[in-house]
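Have the structure open as you read.

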2 protein chains.
Amino acid sequence: MASTPPQALFAASTPKAPPTEMANAIRALAMDAVQAANSGHPGAPMGMAEIAVALWGRHLRHNPADTAWADRDRFVLSNGHGSMLLYSLLHLSGYELSMDELRNFRQLHSKTAGHPEAGITPGVETTTGPLGQGLTNAVGMALAEKLLAAEFNRPGHTVVDHRTYVFLGDGCLMEGISHEASALAGAWKLGKLIAFYDDNGISIDGKVAPWFVDDTPKRFEAYGWQVIGPIDGHDVSAVDAAITQAKRSAETPTLIVCKTSIGKGSPNRAGTAKAHGEALGAEEIALTRAAINWHHAPFVIPAEVYAAWDAKAAGAERQAAWEAAFASYKAAHPELAVAFERRMAGTLPENFAQVAVDAAIDAHTKAETMATRKASQVALEAFTAALPELLGGSADLTGSNLTNTKSTPPLRFDAAGAVVKDEQGRGGRHINYGVREFGMAAVMNGIALHGGLIPYGGTFLTFSDYSRNAIRMAALMKQRVIHVFTHDSIGLGEDGPTHQSVEHAASLRLIPNLDVWRPADTAETTVAWTRALLNTSKPTALLLSRQNLPYLPKAGLDEISRGAYVLAEPSEVGLKKKAQAVILASGSEAHLALHAQAELAKLGIAVRVVSVPSTTTFDRQDSAYKSSVLPAGVPRIAVEAGVTDGWWKYGCAAVVGLDTYGESAPAPALFKHFGFTAQNVADTVRKVLGA
Amino acid sequence: MASTPPQALFAASTPKAPPTEMANAIRALAMDAVQAANSGHPGAPMGMAEIAVALWGRHLRHNPADTAWADRDRFVLSNGHGSMLLYSLLHLSGYELSMDELRNFRQLHSKTAGHPEAGITPGVETTTGPLGQGLTNAVGMALAEKLLAAEFNRPGHTVVDHRTYVFLGDGCLMEGISHEASALAGAWKLGKLIAFYDDNGISIDGKVAPWFVDDTPKRFEAYGWQVIGPIDGHDVSAVDAAITQAKRSAETPTLIVCKTSIGKGSPNRAGTAKAHGEALGAEEIALTRAAINWHHAPFVIPAEVYAAWDAKAAGAERQAAWEAAFASYKAAHPELAVAFERRMAGTLPENFAQVAVDAAIDAHTKAETMATRKASQVALEAFTAALPELLGGSADLTGSNLTNTKSTPPLRFDAAGAVVKDEQGRGGRHINYGVREFGMAAVMNGIALHGGLIPYGGTFLTFSDYSRNAIRMAALMKQRVIHVFTHDSIGLGEDGPTHQSVEHAASLRLIPNLDVWRPADTAETTVAWTRALLNTSKPTALLLSRQNLPYLPKAGLDEISRGAYVLAEPSEVGLKKKAQAVILASGSEAHLALHAQAELAKLGIAVRVVSVPSTTTFDRQDSAYKSSVLPAGVPRIAVEAGVTDGWWKYGCAAVVGLDTYGESAPAPALFKHFGFTAQNVADTVRKVLGA
């Protein structure tokens, strides 16, 4: 798919096309690519073309040649279905995205997927499509910028100083997560966040008036935002002026309300839902070409238009200036500069392995009976002390999730929007996200995408339902985001079935590229945290108990790291024969399995107990290891206080689980009521063995 | 758990306690019950006690003796953790909830679960706890009232005329779903919805100021609500006056902002997060008793307080008056009255079975190749014509979900808030929910709980993630809510992995008491709809294809209804021997299994194909039927374009599935790319058989 790079098409002396032509180039590329694919969304790119000219042509600080430049402005297309807008901008301004890629819009293995995907297309900062999340990612990016600026900038040395821009539509604003995100942006006084609302009055079902009557400017003022407009979104100068005004804000995020016509330029479809999500058709495209006075063939862009859009020279210059500034910073503050580079690269500190081993040894030495949520906090004490990039938080359950540590005081902002610092000049590192689980998860995605920080956040496991799609997006985007889900299963007791996550462990394990850990004790919890931090290209969910769990006899750390391991052979309960059955158990049921093993030993039945803190990790092990843990021909019985579906893949003969909702009662009563007793597990094993 | 009913404790002549005492009775019961359980949330009941006195003592139209009275006001405690407030009110006003139940707060099998549960406790209208959803349920209830009033009331006969009241706290207002719900309530002009905001400035993490800076009155004005206050939430007269004012609104929902002190009455904990979610302790309870001048033992309520709260006589009187009015309505409009009674009872019309059979026969006769989303619309044409209670909708994807029919024009309201009707006097029956998936799902729960309507709503399957917890709540509450999830799996093609629901079928099947159907053709789709409508005590998710699927040779309707059935024996591809293997397939992969069967037949390999439109339904069948479909000893291979975990429970030797994310490309290219071809399925069978 190599093709002539755009820069070869014009000389430095080529005259530059006017803004109208720049905008029409986007219109043409969008309608032609959607037509070629016979699939896609021309409406938003055509409607937002002038807004894009104003932002990308006049304000955006970026360098097409280096998509990893730390101090670039971040741009998010929250209305991700308008992907051709972004692909057009990336191509025209000089990113590594050829015209052939645009011709291959939405085809297998192209870099121009139906919705923008981070990691696939150079210059795409986040994967968008599920509405509302792009805005929320942008809030996370803007927060990351603010925190890193507060941490790393020094008098005379401003090395972190960029803005986050986000395009969004009516759909994003209807979604609930837009409320969570915008409220947080207001509370955090993210003055460098600038959002453009494509206020075209149309969504897929038609003119939005019957179902979307919000006074959006008033709503955003209620969040503490600056609202500019409504302005004419097809007037480049008006948008340009609005951006200039927005950039003056230090303390409040800005919403620029741009009145636009969806599908602008199409004589028969502009301003209608028909323009939103289907190809215009050859006839209407011809009419549109005539109407906008664009007489070039599909995928042909005149040199003047390329010249007007080209951002390479300016970008290289900007980045070079920044590199020079950074060099001078490095000379003045070498340790800070090295730390900044390490953290933006996502590399853990050199002593990480030692910190992790020490934490595990500490857990092993103390061998404490402890809730795994508490064990998580103990592990976090060590990790947050060693890793300044760890940025914690909780969706209003800090004291329950135990996500805070001595190293992570609460993050606060002063009236002027600055990070409040302690006497040593350190800002807070634990975020009170409020009761906003989905918002928290998508903000964390934005923080991880920005780089420089590793976000983790807590809520009850049952509320992983609220944040589920953002967890999925982190997995799809391969981002290191860590979810601390406490109050696992029926062990939370009296709060009852609304709060008892019986199907959530199994359900999270289904999300591709998400690691799920349900540790059984302090050592497994420490290892789970270690693996989560080492998971540079995937998110991790830690499922932690409310209730105390005993410390278990332990194999080596390496074996725990493999996700499942032999916890106890028959010999440990005095039997010299080979195991007749294997009990697999996770989390709060692992110690139950040991009790069942002991019960069975009294009857002369030899059982091996396998602890399975992470099925997702175990499933990646080689077959030799797998069969060493689960020997062929030995019947298997799984025990987990949750739905049973996921365990049959291990060839189990029986699963002691819970395929109904829980009840409201003290946890010990519930475990007994639902059959999570050593006796019932032992009976199940006997039934399987016919013994 | 029988105990003396409260009404026996006082005579008609007993003087009535003043409002202060009424409020303090709630405080005492809440703190004592939480103390007895050593678990629970005293803060909200103690802080909202006076609001409850004003509403329950002076305005709420209800009859404690009949929790099913159709025209009762609905009351929702959206801040469900304050369950002891509701239990106290139900007990004190005369519901079938004894003091022994209050003593047994949060114990196994009590009627006083940790969070209020509909169906467990008489008088609890909806299960709450997951924040924001109670408010959204209330919006659904208020909408149902408005629609039924428009449909059934006649001049001189007002048989549907009640209000919906909802208590909510800061947590509900931080949740994103509160945005979706409140925007819909404004758009729908739900004048009879009255919400009380317990504005105490505290959430679990402490004083909310750093993370919750919304100007909430301004926000709700932006949604088109009437906002009253802030008023003093501890001044019964002020709350009373606000309710009177709110009840005058015909067109706008009302938010009454009540400034309160959480845990009011507790000298050391009031106004602090400490009051929220833990027992006060014996010492603080003693101090509170002294401070509020409450000198009765735990769980002892003086007769004067019972007398003041008692709502039985007034309730019986109100209901009797309504019954008389309904009798007169029935005399004037017998058919309407009978229809109203039938619908409020949740019974389907007598001709339902015939309609369902006709629809299935029609599908079978036509034997059309069709997308199952389209087949769903065809089935809906028949069902919506026959069932006036069917109330459709879509989260801004009507033309994609195909949830609308000729019988269900769009629901619209005029400027005065009245339902717009056609010339025959019929209002709309299809709701444009906007891009609000979670809101739609929780509104549907409220509609179902209200009764009189059967809600169904559509979105893309991938966005079931957004609504997941509301789907779960419908299942937990045993409500007949039908989710139309289209654009199943990779078959949607170019929109790419953000929109491709590879793990969603498996994940929805894990939710207890949810039926999931993934039909393969028009007949299976019709049966799926039939079963969904017959599922009076569970929700159903219909997973439907975007792409066309061929009509398959068919067993009888009864067999399809069992969730899995023999679609094709080896004899149908010309082999006279017994099946050597069984291929299980669902939805878009069923026809693929038939092609694989034919390929294998060429090699002399005899295979049975089992279509599995609903694993959840099949799993409930008796073992005789199960083993008739899946005979013992015959190897099984499953095929589904999704994650494999769920299929191993059928003892499969192999699963042809997809444990990674999809890609953006045309659907046929994707099916080939990911190995969903007859050849690959056949090869997998051969590998299993070693043939």
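## Cavities

A cavity here is a set of points, on a 1 Å grid over the protein atoms alone, where a 1.4 Å probe fits but cannot get out, and its lining residues have an atom within 4 Å of a point. The model is predicted, so local features need pLDDT of at least 70 and side-chain atom pairs pLDDT 80 or more, while totals for chains, interfaces and linings use all residues. Residues are numbered from 1 along each chain as written, chains are lettered from A in the order written, and side-chain values use heavy atoms, without hydrogens or water.

What lines the largest cavity? Glu175, Gly176, Ile177, Glu180, Phe438 and Tyr466 of chain A, plus Glu175, Gly176, Ile177, Glu180, Phe438 and Tyr466 of chain B.

The second largest cavity has Trp56(A), Phe75(A) and Tyr95(A) among its lining residues.

## Aromatic pairs

Rings of Phe, Tyr and Trp (its six-membered ring) pair if their centres lie within 6.5 Å; planes under 30 degrees apart are stacked, over 60 edge-to-face, the rest tilted. That gives 46 pairs over all chains. Phe618(A) and Tyr650(A) have ring centres 6.0 Å apart and planes at 50°, so they're tilted. Both Phe618(A) and Tyr650(A) are buried (under 20% relative accessible area, 1.4 Å probe, protein chains only).

Over in chain B, Trp69(B) and Trp322(B) pair edge-to-face, at 6.4 Å and 65°. Trp69(B) is buried at 1% relative accessibility, and Trp322(B) is buried at 10%.

Back in chain A, ring pairs join Trp56(A), Phe75(A), Tyr95(A), Tyr165(A), Phe167(A) and Phe196(A) into a cluster.

Terms used
1 Å grid on protein atoms, 1.4 Å probe; cavity = no way out; pocket = protein on both sides within 12 Å on 5 of 7 lines; lining within 4 Å. Buried < 20%, exposed > 50% of the residue type's maximum accessible area, 1.4 Å probe, protein only.
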